[in-house]
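Trainee: Could you take me through the aromatic side chains here, up close? I'd like to see how they pair and where the partners sit.

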Amino acid sequence: MEYNNTLGYYDNHAEEFCKNTVNVEFTATQECFLSKLEKGSYILDFGCGSGRDTKYFLKQGYRVDAIDGSKELCKMASEYTGIEVRNMFFQELSEEHRYDGIWACSSILHLPVAELAEVMRRMAAALKEHGIVYTSFKYGTFEGERNGRYFTDMTEETFAEFLGKIEDLKVEEQWTTFDARPGRGDEKWLNLILRKNRRSTDYK
């Protein structure tokens, strides 16, 4: 399965990946997300990578759970953040009405679009009423393996069409940015804030 190849990529390149992402300036997007939450809200960092954002949210006084599918990234993120980062797949999310916000930064984009729909329904179920999701995708219409990892790219139009299958989430805000990492400034990203628009039925 190509998604497992992606996890293998992160296990094999964990140290390099953390070095390239842990100090990236991302405050504007982090603060946009936090501005929609009450202080001390409960956040799930869904695919936390290096733990950069988890650590930021903790420092700002929020409660945070963090997960990642890569065992090696979990080890490094646990050490960096000072909390236990759980090793689990996105498809294993089973909490219901637990989180005020889910932060899925450059993470669920690694799912094939068919699996992405199921995972986003699980995310909606895990949110409290009126909770929010931040997520981001590389900008475009490509789906498949690229540079050793699986990607599902999105545009405003393709994401709107996709989200029509997810009854409980609506786009509240969307914007495009260019990659913040050195040497990657020509890569465009679609950023989204989604709002849980009604009480979801528990995910079964």
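Mentor: Of the chain's 204 residues, 52% count as buried (under 20% relative accessible area, with exposed meaning over 50% and partly exposed in between, using a 1.4 Å probe and protein chains only). Keep in mind that this is a predicted model, where local features need pLDDT of at least 70, side-chain atom pairs count only at pLDDT 80 or more, and totals for chains, interfaces and linings use all residues. Residues are numbered from 1 along each chain as its sequence is written, and side-chain values use heavy atoms, leaving out hydrogens and water.

Now to the rings. Those of Phe, Tyr and Trp (its six-membered ring) pair if their centres lie within 6.5 Å; planes under 30 degrees apart are stacked, over 60 edge-to-face, and the rest tilted. By this rule there are 13 aromatic pairs. Take Phe-46 and Phe-90: their ring centres are 4.7 Å apart and their planes meet at 55°, so the pair is tilted. It links distant parts of the chain, with Phe-46 in strand β1 (42-46) and Phe-90 in the loop between β3 (86-87) and β4 (99-104), 44 residues apart. Helices (H or I, at least four residues) and strands (E, at least two) are DSSP runs numbered from the N terminus. Phe-46 and Phe-90 are both buried.

Phe-137 and Phe-159 form another tilted pair, at 5.7 Å centre to centre and 45° between planes. Here strand β5 (127-138) supplies Phe-137 and helix α7 (156-163) supplies Phe-159, 22 residues apart. Phe-137 and Phe-159 are buried too.

Finally, look at one aromatic cluster, formed by Phe-26, Phe-33, Tyr-56, Phe-57, Trp-103, Tyr-134 and Trp-175.
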